[in-house]
Amino acid sequence: MDSPHGAAVKAEDFGLKGPRGWVFRNIGIDAAPGSITAVEGPSGSGRTCLLLALTGRMKPTAGHAEVGGHRLPKKMAAVRRIAALGPVSGVNDLDQALTVAEQLREGALLQRRYEGPLRALLRPRGERRASTAARIEEALAVAGLDLATLPKGPRTSVRDLERLESVRLSVAIALLGAPRLLALDDLDLKLSDAERAEAWALLRAIAARGTTVFAVCSEAPQDIPVVRTGTPAKTAEPAPSDPQPSATPGTKPDAQPGTTPGANRDTTPGTKPDAEPATNRDMTPGTKPDAAPDAAPDAEPDAEPDAAPDTKPETNTKPNTKGTDDALAEARRA
């Protein structure tokens, strides 16, 4: 149920796709009024664009969201009226050439001109000035920025502010319009641990007043709900246990890894299974070997060696030593 102050934020399968692909996608949010939600994710995963989409500054392309009862993307203008941006780099940067007082007055004038009711412009000038001064004072008090503590007071240049002071000033300007939703980008950028604790204490104080807060950060406190952008890392597949080496074609199934392919098998066509391939390796073609490499396995033991079909030393043709060469090759490999 929505609150008179804070805006409930709900999103389902919320996504934004640009010319180069998905900026963010499949975002689910269920934030109650007056709550704080942190947005985490790697750089470039669409964290800032998610804030702009939730505040009505960027049109989503997938899913839907509701902010304070206004459905996105149809009611973007209505969402912009109840949502404000804190520090968002490249969108609402502080003007480094202005003083703190000038920056506050400019923010108040812009809010009254573009976001305030039209009847406010018709009030007397003195009344408008008093109302603006009261709103600035209240916003500074909520943001925790005391102008008296600055080096030159209200005349301190914006460029001379510390990082946490700049965050407080941006938050104060955003609170001038009494928003129901406040979004901040890079909350803990360039802050020490003590300053980060102060920044989160600031957001808790704002949420305690009823304003719903979304903040992009690198690491949120443990008690803050987190919405993550970016594709989740894939889980590595477990390695198979005790993988069996693939058998080399032609080897026996029980061959141990590391043995030479071709050992203890019929290597030379026509030789006996138990013949040693390295036996009589320097024999001269035409001599009688102990086991003829080219003899068929079923040859008779008393067969004449000269009856081998490929052994003809008496002729002038080149002897066929293919079987011997194969046996020598297998022996070398062994």
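Q: How many aromatic pairs does a search of the whole structure find?
A: One. Rings of Phe, Tyr and Trp (its six-membered ring) pair if their centres lie within 6.5 Å. This is a predicted model: local features need pLDDT of at least 70, side-chain atom pairs count only at pLDDT 80 or more, and totals for chains, interfaces and linings use all residues. Side-chain values use heavy atoms, without hydrogens or water, and residues are numbered from 1 along each chain as its sequence is written.

Q: Which rings, and how are their planes set?
A: Phe14 and Phe24, with centres 5.9 Å apart and planes at 45°, so the pair is tilted. Under 30 degrees counts as stacked, over 60 as edge-to-face, the rest as tilted.

Q: Where do Phe14 and Phe24 lie?
A: Phe14 is in strand β1 (residues 9–18) and Phe24 in strand β2 (residues 21–31). Strands (E, at least two residues) and helices (H or I, at least four) are DSSP runs, numbered from the N terminus.

Q: Are Phe14 and Phe24 buried or exposed?
A: Both are buried. Buried means under 20% relative accessible area, exposed over 50%, partly exposed in between (1.4 Å probe, protein chains only).

Q: New topic: which residues of α4 are buried?
A: Arg128, Thr132, Ile136, Ala139, Leu140, Val142 and Ala143. They fall within an arc of 160° seen down the axis of α4, so they line one face. The arc is that of the directions from the helix axis to the C-beta atoms.

Q: What is exposed on the other side of α4?
A: Glu137 and Ala141.

Q: And what follows α4?
A: Gly144, with a positive phi near 75°.
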